[in-house]
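Please look over the structure below. The report that follows covers helix packing and then the ligand site.

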Amino acid sequence: MKYLDEFSDPDLARKLLDQIHAATDKRWSIMEVCGGQTHSIIRHGIDQLLPDEIEMIHGPGCPVCVTPLEIIDKALEIAARPNVIFCSFGDMLRVPGSSKDLFRVKSEGGDVRVVYSPLDALNIARDNPDRQVVFFGIGFETTAPANAMTVYQAKRLGVQNFSLLVSHVLVPPAVAAIMESPDCRVQAFLAAGHVCCVMGTAEYPPLTEKYRVPIVVTGFEPLDILEGIRRTVIQLESGRHELENAYPRAVRAEGNEPAKAMLADVFEVTDRAWRGIGTIPRSGWRLAPKYREFDAEYRFAVEDLHTAESAICRSGEVLQGHIKPHECAAFGKECTPRNPLGATMVSSEGACAAYYLYRRLEVTHA
Ligand code: SF4
(Lines give C-alpha, C1' and ligand atoms only; values in the text may rest on other atoms or scores of the structure.)
Protein backbone atom coordinates (compact mmCIF):
# COMPACT_ATOMS: atom_id res chain seq x y z
CA MET A 1 0.00 0.00 0.00
CA LYS A 2 1.42 3.37 -1.02
CA TYR A 3 2.95 5.42 1.82
CA LEU A 4 2.95 2.38 4.12
CA ASP A 5 4.65 -0.57 2.42
CA GLU A 6 7.04 1.63 0.51
CA PHE A 7 8.62 2.82 3.79
CA SER A 8 9.14 -0.71 5.08
CA ASP A 9 10.56 -2.23 1.89
CA PRO A 10 12.98 -4.99 3.00
CA ASP A 11 15.38 -4.58 0.06
CA LEU A 12 15.75 -0.86 0.70
CA ALA A 13 16.10 -1.52 4.43
CA ARG A 14 18.96 -3.95 3.70
CA LYS A 15 20.71 -1.36 1.53
CA LEU A 16 20.42 1.28 4.25
CA LEU A 17 21.68 -1.17 6.85
CA ASP A 18 24.67 -2.03 4.61
CA GLN A 19 25.47 1.68 4.35
CA ILE A 20 25.20 2.13 8.12
CA HIS A 21 27.52 -0.84 8.73
CA ALA A 22 30.00 0.47 6.14
CA ALA A 23 29.97 3.96 7.66
CA THR A 24 30.40 2.85 11.29
CA ASP A 25 33.88 2.76 12.71
CA LYS A 26 33.63 4.00 16.33
CA ARG A 27 31.11 3.46 19.12
CA TRP A 28 28.13 5.84 19.14
CA SER A 29 25.08 6.39 21.35
CA ILE A 30 22.09 7.87 19.54
CA MET A 31 18.87 8.91 21.26
CA GLU A 32 15.54 8.73 19.47
CA VAL A 33 13.51 11.39 21.23
CA CYS A 34 10.04 10.24 20.28
CA GLY A 35 8.12 7.34 21.83
CA GLY A 36 6.61 6.52 18.44
CA GLN A 37 10.11 6.01 17.10
CA THR A 38 11.00 3.86 20.13
CA HIS A 39 7.98 1.68 19.45
CA SER A 40 8.92 1.33 15.78
CA ILE A 41 12.59 0.55 16.57
CA ILE A 42 11.69 -2.21 19.05
CA ARG A 43 8.77 -3.57 17.03
CA HIS A 44 10.89 -3.98 13.89
CA GLY A 45 14.04 -5.01 15.75
CA ILE A 46 15.97 -2.18 14.12
CA ASP A 47 18.37 -1.80 17.06
CA GLN A 48 19.31 -5.50 16.75
CA LEU A 49 20.21 -5.08 13.07
CA LEU A 50 22.57 -2.17 13.66
CA PRO A 51 26.34 -2.58 14.09
CA ASP A 52 27.32 -3.55 17.65
CA GLU A 53 29.03 -0.18 17.97
CA ILE A 54 25.72 1.71 17.79
CA GLU A 55 23.49 1.92 20.84
CA MET A 56 19.99 3.35 20.55
CA ILE A 57 18.98 5.18 23.74
CA HIS A 58 15.24 5.61 24.20
CA GLY A 59 14.37 9.19 25.09
CA PRO A 60 11.60 10.91 27.04
CA GLY A 61 9.31 11.39 24.06
CA CYS A 62 6.22 9.52 25.18
CA PRO A 63 3.68 12.18 26.22
CA VAL A 64 1.77 9.88 28.56
CA CYS A 65 4.99 8.78 30.26
CA VAL A 66 6.32 12.24 31.09
CA THR A 67 3.06 13.74 32.37
CA PRO A 68 3.91 14.49 36.00
CA LEU A 69 2.32 12.60 38.84
CA GLU A 70 0.99 15.81 40.35
CA ILE A 71 -1.06 16.54 37.21
CA ILE A 72 -2.38 12.95 37.17
CA ASP A 73 -3.43 13.35 40.81
CA LYS A 74 -5.10 16.66 39.98
CA ALA A 75 -6.97 14.94 37.13
CA LEU A 76 -8.13 12.24 39.54
CA GLU A 77 -9.26 14.82 42.07
CA ILE A 78 -11.21 16.87 39.51
CA ALA A 79 -12.70 13.78 37.79
CA ALA A 80 -14.12 12.55 41.11
CA ARG A 81 -16.19 15.70 41.65
CA PRO A 82 -19.94 15.11 41.23
CA ASN A 83 -20.70 17.87 38.73
CA VAL A 84 -17.74 17.17 36.45
CA ILE A 85 -17.57 15.31 33.13
CA PHE A 86 -13.88 14.50 32.71
CA CYS A 87 -12.79 13.81 29.12
CA SER A 88 -9.50 12.31 28.01
CA PHE A 89 -7.83 10.26 25.32
CA GLY A 90 -8.03 6.60 26.30
CA ASP A 91 -4.37 6.02 27.09
CA MET A 92 -4.47 8.36 30.09
CA LEU A 93 -7.11 6.29 31.91
CA ARG A 94 -4.67 3.61 33.07
CA VAL A 95 -1.81 5.92 34.03
CA PRO A 96 -1.21 5.36 37.74
CA GLY A 97 -1.52 8.33 40.05
CA SER A 98 -0.38 8.21 43.67
CA SER A 99 -3.16 5.82 44.69
CA LYS A 100 -5.44 5.07 41.73
CA ASP A 101 -6.09 5.81 38.06
CA LEU A 102 -8.93 7.36 36.07
CA PHE A 103 -10.48 3.92 35.43
CA ARG A 104 -10.78 3.51 39.20
CA VAL A 105 -12.41 6.94 39.49
CA LYS A 106 -14.85 5.89 36.76
CA SER A 107 -15.62 2.62 38.54
CA GLU A 108 -16.29 4.60 41.72
CA GLY A 109 -18.93 6.68 39.93
CA GLY A 110 -16.94 9.48 38.34
CA ASP A 111 -18.16 10.62 34.91
CA VAL A 112 -14.96 9.89 32.98
CA ARG A 113 -15.31 9.71 29.20
CA VAL A 114 -12.91 8.72 26.42
CA VAL A 115 -13.01 11.12 23.48
CA TYR A 116 -11.12 11.18 20.18
CA SER A 117 -10.69 14.93 19.93
CA PRO A 118 -10.75 17.88 22.35
CA LEU A 119 -13.52 19.29 20.15
CA ASP A 120 -15.65 16.28 21.20
CA ALA A 121 -15.24 17.49 24.78
CA LEU A 122 -16.28 20.98 23.76
CA ASN A 123 -19.43 19.54 22.15
CA ILE A 124 -20.16 17.61 25.36
CA ALA A 125 -19.88 20.91 27.25
CA ARG A 126 -22.33 22.59 24.88
CA ASP A 127 -24.76 19.65 25.29
CA ASN A 128 -24.47 19.74 29.12
CA PRO A 129 -24.57 23.41 30.15
CA ASP A 130 -25.32 22.53 33.79
CA ARG A 131 -22.14 20.38 34.14
CA GLN A 132 -18.45 21.31 34.18
CA VAL A 133 -16.59 19.59 31.32
CA VAL A 134 -12.81 19.21 31.55
CA PHE A 135 -10.47 17.94 28.83
CA PHE A 136 -7.10 16.50 29.84
CA GLY A 137 -4.73 18.28 27.46
CA ILE A 138 -1.35 16.59 27.58
CA GLY A 139 1.42 15.97 25.11
CA PHE A 140 4.12 17.57 23.01
CA GLU A 141 3.93 20.22 20.32
CA THR A 142 1.94 17.74 18.22
CA THR A 143 -1.26 17.59 20.26
CA ALA A 144 -1.10 21.19 21.46
CA PRO A 145 -2.55 22.90 18.34
CA ALA A 146 -5.87 21.01 18.58
CA ASN A 147 -6.11 21.82 22.28
CA ALA A 148 -5.31 25.47 21.60
CA MET A 149 -7.95 25.57 18.89
CA THR A 150 -10.54 24.09 21.26
CA VAL A 151 -9.90 26.72 23.93
CA TYR A 152 -10.00 29.42 21.26
CA GLN A 153 -13.38 28.07 20.08
CA ALA A 154 -14.70 27.82 23.63
CA LYS A 155 -13.93 31.50 24.16
CA ARG A 156 -15.30 32.50 20.77
CA LEU A 157 -18.55 30.56 21.36
CA GLY A 158 -18.85 31.67 24.98
CA VAL A 159 -18.85 28.11 26.37
CA GLN A 160 -18.39 28.89 30.06
CA ASN A 161 -18.51 25.32 31.39
CA PHE A 162 -15.47 24.02 29.46
CA SER A 163 -11.89 23.97 30.75
CA LEU A 164 -8.55 22.37 29.91
CA LEU A 165 -6.25 20.61 32.37
CA VAL A 166 -2.98 21.46 30.66
CA SER A 167 0.31 19.60 30.78
CA HIS A 168 2.04 20.36 27.50
CA VAL A 169 5.77 19.80 27.15
CA LEU A 170 8.32 20.91 24.56
CA VAL A 171 11.07 18.87 22.91
CA PRO A 172 13.96 21.35 22.47
CA PRO A 173 14.29 22.20 26.21
CA ALA A 174 14.29 18.45 26.96
CA VAL A 175 17.14 17.94 24.47
CA ALA A 176 19.06 20.71 26.24
CA ALA A 177 18.33 19.18 29.67
CA ILE A 178 19.56 15.76 28.53
CA MET A 179 22.77 17.27 27.21
CA GLU A 180 23.29 19.25 30.44
CA SER A 181 22.92 16.12 32.59
CA PRO A 182 26.24 15.05 34.17
CA ASP A 183 25.45 11.41 33.26
CA CYS A 184 24.67 12.18 29.63
CA ARG A 185 25.88 9.53 27.16
CA VAL A 186 23.96 10.84 24.16
CA GLN A 187 26.09 11.84 21.18
CA ALA A 188 23.34 12.49 18.61
CA PHE A 189 19.57 12.78 18.37
CA LEU A 190 16.87 11.60 16.03
CA ALA A 191 14.38 14.46 16.36
CA ALA A 192 10.65 13.73 16.24
CA GLY A 193 9.29 14.32 12.75
CA HIS A 194 5.71 15.08 13.80
CA VAL A 195 6.84 17.73 16.29
CA CYS A 196 8.82 19.40 13.51
CA CYS A 197 5.77 19.22 11.20
CA VAL A 198 4.16 21.70 13.57
CA MET A 199 7.09 23.73 14.86
CA GLY A 200 9.56 23.57 11.97
CA THR A 201 13.28 23.13 12.55
CA ALA A 202 14.54 26.57 13.59
CA GLU A 203 14.89 25.65 17.28
CA TYR A 204 17.49 22.93 16.59
CA PRO A 205 20.57 24.60 15.00
CA PRO A 206 21.35 26.48 18.26
CA LEU A 207 21.31 23.09 20.04
CA THR A 208 23.58 21.39 17.50
CA GLU A 209 25.97 24.32 17.85
CA LYS A 210 25.91 24.64 21.64
CA TYR A 211 26.20 20.92 22.43
CA ARG A 212 28.08 19.89 19.27
CA VAL A 213 25.60 17.07 18.55
CA PRO A 214 24.09 16.06 15.22
CA ILE A 215 20.28 16.27 15.16
CA VAL A 216 18.47 14.53 12.32
CA VAL A 217 14.72 15.06 11.91
CA THR A 218 13.33 11.58 11.37
CA GLY A 219 10.00 9.91 10.61
CA PHE A 220 8.49 6.75 12.04
CA GLU A 221 8.50 4.00 9.43
CA PRO A 222 11.44 1.56 9.36
CA LEU A 223 13.09 3.20 6.34
CA ASP A 224 12.65 6.65 7.89
CA ILE A 225 14.43 5.52 11.03
CA LEU A 226 17.21 3.74 9.17
CA GLU A 227 17.77 6.81 7.00
CA GLY A 228 17.87 9.01 10.13
CA ILE A 229 20.44 6.70 11.73
CA ARG A 230 22.48 6.52 8.51
CA ARG A 231 22.71 10.30 8.28
CA THR A 232 23.50 10.59 11.99
CA VAL A 233 26.33 8.05 11.82
CA ILE A 234 27.86 9.76 8.78
CA GLN A 235 27.87 13.06 10.69
CA LEU A 236 29.32 11.48 13.82
CA GLU A 237 32.08 9.66 11.95
CA SER A 238 33.06 12.82 10.07
CA GLY A 239 33.00 15.00 13.19
CA ARG A 240 30.11 17.18 12.00
CA HIS A 241 27.23 18.37 14.17
CA GLU A 242 24.45 19.78 12.02
CA LEU A 243 20.70 19.75 11.71
CA GLU A 244 19.44 17.59 8.85
CA ASN A 245 15.90 16.95 7.75
CA ALA A 246 15.48 13.29 6.80
CA TYR A 247 11.68 13.60 6.75
CA PRO A 248 11.12 16.19 3.99
CA ARG A 249 7.88 14.61 2.82
CA ALA A 250 6.27 15.96 6.00
CA VAL A 251 8.55 18.59 7.55
CA ARG A 252 9.23 22.08 6.24
CA ALA A 253 11.75 24.37 7.90
CA GLU A 254 9.07 26.90 8.80
CA GLY A 255 6.63 24.30 10.17
CA ASN A 256 2.89 24.89 10.18
CA GLU A 257 2.45 28.66 10.44
CA PRO A 258 -1.32 28.73 11.25
CA ALA A 259 -0.81 26.12 14.00
CA LYS A 260 2.12 28.10 15.44
CA ALA A 261 0.05 31.29 15.40
CA MET A 262 -2.75 29.53 17.30
CA LEU A 263 -0.27 28.17 19.86
CA ALA A 264 1.27 31.61 20.35
CA ASP A 265 -2.17 33.11 20.94
CA VAL A 266 -3.52 30.55 23.42
CA PHE A 267 -0.42 29.37 25.33
CA GLU A 268 2.59 30.88 27.04
CA VAL A 269 5.87 29.15 27.87
CA THR A 270 6.32 27.97 31.46
CA ASP A 271 8.55 25.71 33.56
CA ARG A 272 7.22 22.13 33.54
CA ALA A 273 7.82 19.08 35.69
CA TRP A 274 8.55 15.91 33.67
CA ARG A 275 7.65 12.64 35.34
CA GLY A 276 10.78 10.79 36.38
CA ILE A 277 13.04 13.65 35.32
CA GLY A 278 12.06 16.73 37.31
CA THR A 279 11.42 20.33 36.42
CA ILE A 280 12.94 21.64 33.20
CA PRO A 281 12.90 25.43 32.86
CA ARG A 282 10.71 26.84 30.09
CA SER A 283 9.87 23.34 28.86
CA GLY A 284 6.09 23.52 28.58
CA TRP A 285 3.02 25.55 27.84
CA ARG A 286 0.20 26.81 30.01
CA LEU A 287 -2.81 28.89 29.02
CA ALA A 288 -2.03 32.56 28.42
CA PRO A 289 -3.62 35.04 30.88
CA LYS A 290 -6.41 36.01 28.49
CA TYR A 291 -7.57 32.34 28.48
CA ARG A 292 -7.10 31.80 32.25
CA GLU A 293 -10.86 31.27 32.77
CA PHE A 294 -10.50 28.03 30.75
CA ASP A 295 -7.67 26.69 32.92
CA ALA A 296 -9.00 23.74 34.98
CA GLU A 297 -6.28 24.12 37.62
CA TYR A 298 -7.38 27.70 38.16
CA ARG A 299 -11.12 26.91 37.97
CA PHE A 300 -11.01 23.97 40.39
CA ALA A 301 -8.24 25.35 42.61
CA VAL A 302 -6.54 21.99 43.08
CA GLU A 303 -3.30 22.82 44.85
CA ASP A 304 -0.81 21.21 47.22
CA LEU A 305 -1.58 17.56 46.53
CA HIS A 306 0.68 15.06 48.23
CA THR A 307 2.09 12.77 45.54
CA ALA A 308 3.81 9.42 45.98
CA GLU A 309 5.65 7.60 43.17
CA SER A 310 6.02 3.82 43.23
CA ALA A 311 9.07 3.01 45.35
CA ILE A 312 10.35 0.37 42.92
CA CYS A 313 9.61 1.98 39.55
CA ARG A 314 12.76 3.18 37.73
CA SER A 315 10.95 4.91 34.86
CA GLY A 316 12.92 8.11 35.46
CA GLU A 317 16.11 6.25 34.61
CA VAL A 318 14.42 4.64 31.60
CA LEU A 319 13.20 8.02 30.36
CA GLN A 320 16.70 9.49 30.58
CA GLY A 321 18.26 6.48 28.85
CA HIS A 322 20.29 5.40 31.91
CA ILE A 323 18.81 1.87 31.92
CA LYS A 324 16.88 -0.29 29.48
CA PRO A 325 13.39 -1.34 30.66
CA HIS A 326 14.31 -4.98 31.37
CA GLU A 327 17.05 -3.81 33.75
CA CYS A 328 14.27 -2.74 36.14
CA ALA A 329 13.69 -5.62 38.59
CA ALA A 330 9.90 -5.20 38.36
CA PHE A 331 9.80 -5.54 34.55
CA GLY A 332 7.37 -8.29 33.54
CA LYS A 333 6.89 -9.32 37.19
CA GLU A 334 5.20 -6.79 39.46
CA CYS A 335 4.90 -4.44 36.47
CA THR A 336 3.05 -5.39 33.26
CA PRO A 337 0.74 -3.46 30.90
CA ARG A 338 -2.24 -4.91 32.83
CA ASN A 339 -0.78 -3.78 36.12
CA PRO A 340 1.58 -0.90 35.35
CA LEU A 341 3.64 0.60 38.15
CA GLY A 342 4.91 3.42 36.00
CA ALA A 343 3.67 5.44 33.06
CA THR A 344 6.31 3.98 30.72
CA MET A 345 4.47 0.64 30.97
CA VAL A 346 1.07 2.18 30.17
CA SER A 347 1.34 3.88 26.82
CA SER A 348 2.13 1.91 23.66
CA GLU A 349 4.78 4.60 23.10
CA GLY A 350 6.39 3.89 26.47
CA ALA A 351 9.73 2.10 26.34
CA CYS A 352 8.74 -0.42 29.04
CA ALA A 353 5.53 -1.32 27.19
CA ALA A 354 7.42 -1.65 23.88
CA TYR A 355 9.97 -4.01 25.47
CA TYR A 356 7.16 -5.97 27.12
CA LEU A 357 5.27 -6.34 23.84
CA TYR A 358 8.19 -7.26 21.61
CA ARG A 359 11.15 -8.31 23.75
CA ARG A 360 9.99 -9.83 27.01
CA LEU A 361 10.69 -13.46 26.14
CA GLU A 362 14.11 -12.54 24.84
CA VAL A 363 15.16 -10.32 27.74
CA THR A 364 13.68 -12.39 30.55
CA HIS A 365 15.34 -15.59 29.29
CA ALA A 366 18.67 -13.98 28.40
S1 SF4 B 1 9.18 -1.88 34.16
FE2 SF4 B 1 7.50 -0.88 35.29
S3 SF4 B 1 8.34 -0.50 37.32
FE4 SF4 B 1 10.08 -0.84 35.94
S5 SF4 B 1 10.66 1.18 35.17
FE6 SF4 B 1 9.21 0.34 33.69
S7 SF4 B 1 7.22 1.15 34.37
FE8 SF4 B 1 8.62 1.39 36.12
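At what angle do helix α1 (residues 10-23) and helix α12 (residues 222-238) pack?

## Helix packing

The α1 and α12 axes lie 9 Å apart, at an angle of about 15 degrees. That makes α1 roughly parallel to α12 (angles under 35 degrees count as such). Their crossing is left-handed: the near helix is turned anticlockwise from the far one by less than a right angle, and clockwise would be right-handed. Axes are lines fitted to C-alpha atoms over the stretch in contact, with angles from 0 to 180 degrees between N-to-C directions. Helices are DSSP runs (H or I, at least four residues), numbered from the N terminus.

Helix α8 (residues 144-157) meets helix α13 (residues 257-266) at roughly 60 degrees, their axes coming within 9 Å. The pair is therefore oblique, and the crossing is left-handed. Helix α7 (residues 118-127) also packs with α8, at about 25 degrees with axes 9 Å apart. So α7 and α8 are roughly parallel. Their crossing is right-handed.

## Ligand site

Residues around the ligand include Cys313, Cys328, Cys335 and Cys352. Arg314, Phe331 and Met345 are also among them. By class, the shell has 8 nonpolar, 3 polar and 1 charged residues; Cys counts as nonpolar, Arg as charged and Gly as polar.

## Basis of the model

This is a predicted model: local features need pLDDT of at least 70, and side-chain atom pairs count only at pLDDT 80 or more, while totals for chains, interfaces and linings use all residues. Residues are numbered from 1 along each chain as its sequence is written, and side-chain values use heavy atoms, leaving out hydrogens and water.

Conventions
Near = heavy atom within 4 Å. Helix = DSSP H or I, 4+ residues; strand = E, 2+ residues; numbered from the N terminus. Parallel < 35°, antiparallel > 145°, perpendicular 65-115°, else oblique.
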